[in-house]
Amino acid sequence: MAAHAANYLTKTANNRLGLWLFILSDSFVFGGLLVTRFVLLGDQRPELSQGLGLAVTLILLLSSFFMNRGEVEMAHGNQKGFVRNTTITLALGIAFLIGVVGVEWPLAAAHGLTTDSSAAGAVFYIMTGFHAFHVLTGVFLMYVVLRLGRKGHFTAEKHWPVEAAAVYWHFIDVAWIFFYPALYLMGLVAG
Amino acid sequence: MAKDKEVKSVDERRKEVLRNGAIILSLLGVLTFGEFLVAVIAPPWTFILWIAALWKTFYVVKDYMHIGRVFGGDGEAH
């Protein structure tokens, strides 16, 4: 029994290292997009709704808070708390997607900002699109973890998938922490 | 008796971690509003926006992503 527990801890430590290496490699792609934005646009930014940008950013930060709560509850064996907090995180993730892809994209297009209208348009859609794809995969991952959690697959001692989903979700949050000012706040509106 | 104490200690630890998570959220919210105000009031001050972004990242990576677990094995409590 003790050997089995030790084996699980070793596996978790290895999985954790692998996940962080993946995150490190993925952050280079996000970093590349960020550099692209400054090379192509300099001190200009796309014409976007700053209020909407703030709203979706707060939604994503709030989702990270609930994801953290969900993980903590699972780590203390509180399955109900895990399910409740993870469900809220899932809903906030979907709200973020709707805010960016469902509202911001059509608004930007209505103002003439399209993928081939200008460098600002290309930069805006590739940055938000790449990030939204990560959010989508994060939402899917969370749905899987939530389903398994409801069935009682995790315990206080064994819940690596929950930790992995949480770390991935927070990483998406970190990427947006840089994308938000770069797209919505820094510089003047491109003419 | 000893088990009761242990359960209480675990519950207190849980509450403490949850409280810490709420404090981090408040800090992130304040910094985000600060960024927004800086951009509206003084758009050229981009270095402040970079500092705020790095500060927020520090909190998320340390307290939500628990980067310490990668180096400290499973010793770090939730």
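## Ground rules

Because this is a predicted model, local features need pLDDT of at least 70 and side-chain atom pairs count only at pLDDT 80 or more, while totals for chains, interfaces and linings use all residues. Residues are numbered from 1 along each chain as its sequence is written, and chains are lettered from A and ligands numbered from 1 in the order in which they are written.

## Chain A at a glance

Let's start with the overall layout. Chain A has 5 helices and 2 strands, and from the N terminus on they come in the order α-β-α-α-α-α-β. Here, helices (H or I, at least four residues) and strands (E, at least two) are DSSP runs, numbered from the N terminus.

How much of chain A is buried? Of its 191 residues, 41% are. A residue is buried if 20 or more other C-beta atoms lie within 10 Å of its own, exposed if 12 or fewer, and partly exposed in between, with C-beta atoms placed from the backbone. Two residues are in contact if their C-beta atoms, placed in that way, lie within 7 Å. Among contacts in chain A with a separation of 6 or more, 83% join residues 24 or more positions apart.

A:Leu54 sits in helix H2 of chain A and is partly exposed, because 18 other C-beta atoms lie within 10 Å.

## A closer look at helix H3 of chain A

Helix H3 of chain A covers residues 79-110, which is 32 residues. At 1.5 Å a residue (the expected span is 1.5 Å times one less than the number of residues), it should span 46 Å, and its end C-alpha atoms are 45 Å apart, so the two agree. There's a kink of about 35° at A:Glu104, shortly before the proline A:Pro106. That bend is the angle between axes fitted to the seven residues ending there and the seven starting there. After the helix comes A:Gly112, with a positive phi near 85°.

Several H3(A) residues are buried, including A:Phe82, A:Leu92, A:Phe96 and A:Glu104. What covers the buried residues of this helix includes H2 (50-75), H4 (119-150) and H5 (160-185) of chain A.

## The nonpolar core

A nonpolar core is a set of buried Ala, Val, Leu, Ile, Met, Phe, Trp, Tyr and Cys residues joined through C-beta atoms within 7 Å. The largest one has 61 residues, and A:Phe124, A:Ala175, A:Phe179 and A:Leu183 touch the most other members. H1 to H5 of chain A, plus H1 and H2 of chain B, each supply at least two residues. H5(A) gives the largest share, 19 residues. Leaving aside neighbours within four places in sequence, A:Phe179 is in contact with A:Met127 and A:His131.

## Where the chains meet

Which residues make up the contact? It takes 29 residues from chain A and 27 from chain B. On the chain B side, helices H1 (2-41), H2 (46-64) and H3 (68-72) each supply at least two residues, and H1(B) gives the most, with 12.

B:Arg14 is in helix H1 of chain B. Not counting residues up to four places away in sequence, B:Arg14 touches A:Val72 and A:His76. B:Arg14 is partly exposed, because 19 other C-beta atoms lie within 10 Å.
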